[in-house]
Amino acid sequence: MTSFEFPRNNRLNNADDFDRVFKQTDFKVSNRFLLLLARDNQTDRSRLGLIVGKKKINLAADRNHVKRRVRESFRMKQARFPHLDIIALVRSDPGSQEGTLLSKQVDALFEKLIDTSCVASQADRS
């Protein structure tokens, strides 16, 4: 049975975890609003880290809204990821976009990352 939880051990928790991804990024996907950086990890699960700066999104409620949407999308797709450390970096304010539109864009970006990373891992096995 697939678990859709998002416990603490599914998160990038400290600066060292973030630095490892920034220093050696294996996969990058992006759109206007969001950049996903990913790196293979040595754990038995994928982990997510979020960077949503005040300079990009002024209001705390809006920052929290974006973080909730990204976490929700990751949570629903985490079973399909190969073991990756992923950083979601907000590039610009999605503005007054409707929540479902923002969710669709985040979902599409995670799907693109899944496709990219799965193709690469299959090529490594060959």
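Is Phe81 buried or exposed, and what is its relative accessible area?

Tutor: Phe81 is buried, at a relative accessible area of 6%; buried means under 20%, exposed over 50% and partly exposed in between, with a 1.4 Å probe and protein chains only. The model is predicted, so local features need pLDDT of at least 70 and side-chain atom pairs count only at pLDDT 80 or more, while totals for chains, interfaces and linings use all residues. Residues are numbered from 1 along each chain as its sequence is written, and side-chain values use heavy atoms, with hydrogens and water left out.

The ring pairs come next. The count comes to three aromatic pairs, where rings of Phe, Tyr and Trp (its six-membered ring) pair if their centres lie within 6.5 Å, and planes under 30 degrees apart are stacked, over 60 edge-to-face and the rest tilted. The rings of Phe74 and Phe110 have centres 6.2 Å apart and planes at 50°, so this pair is tilted. Phe74 sits in helix α2 and Phe110 in helix α3, so the pair ties together parts that are 36 residues apart in sequence. Helices (H or I, at least four residues) and strands (E, at least two) are DSSP runs numbered from the N terminus. Phe74 and Phe110 are both buried.

Phe81 pairs with Phe110 as well: the ring centres are 5.8 Å apart and the planes are at 75°, so this pair is edge-to-face. Here too distant parts of the chain are linked, since Phe81 belongs to the loop between α2 and β4 while Phe110 belongs to helix α3, 29 residues apart. Phe110 has a relative accessible area of 0% and is therefore buried. Through these ring pairs, Phe74, Phe81 and Phe110 form a cluster.

Apart from neighbours within four places in sequence, Ile86 is in contact (heavy atoms within 4.5 Å) with Phe74, Phe81 and Phe110, among others. Further contacts of Ile86 include Leu12, Leu36, Leu37, Ala38, Leu48 and Leu113. Arg47 and Gly49 also touch Ile86.

Finally, consider Cys118, which lies in helix α3, as does Phe110. Cys118 counts as partly exposed, at 25% relative accessibility, whereas Phe110 is buried. Cys118 is in contact with Arg80 and Pro82 once neighbours within four places in sequence are left aside. The C-alpha atoms of Cys118 and Pro82 are separated by 6.8 Å, although the two residues are 36 residues apart along the chain.
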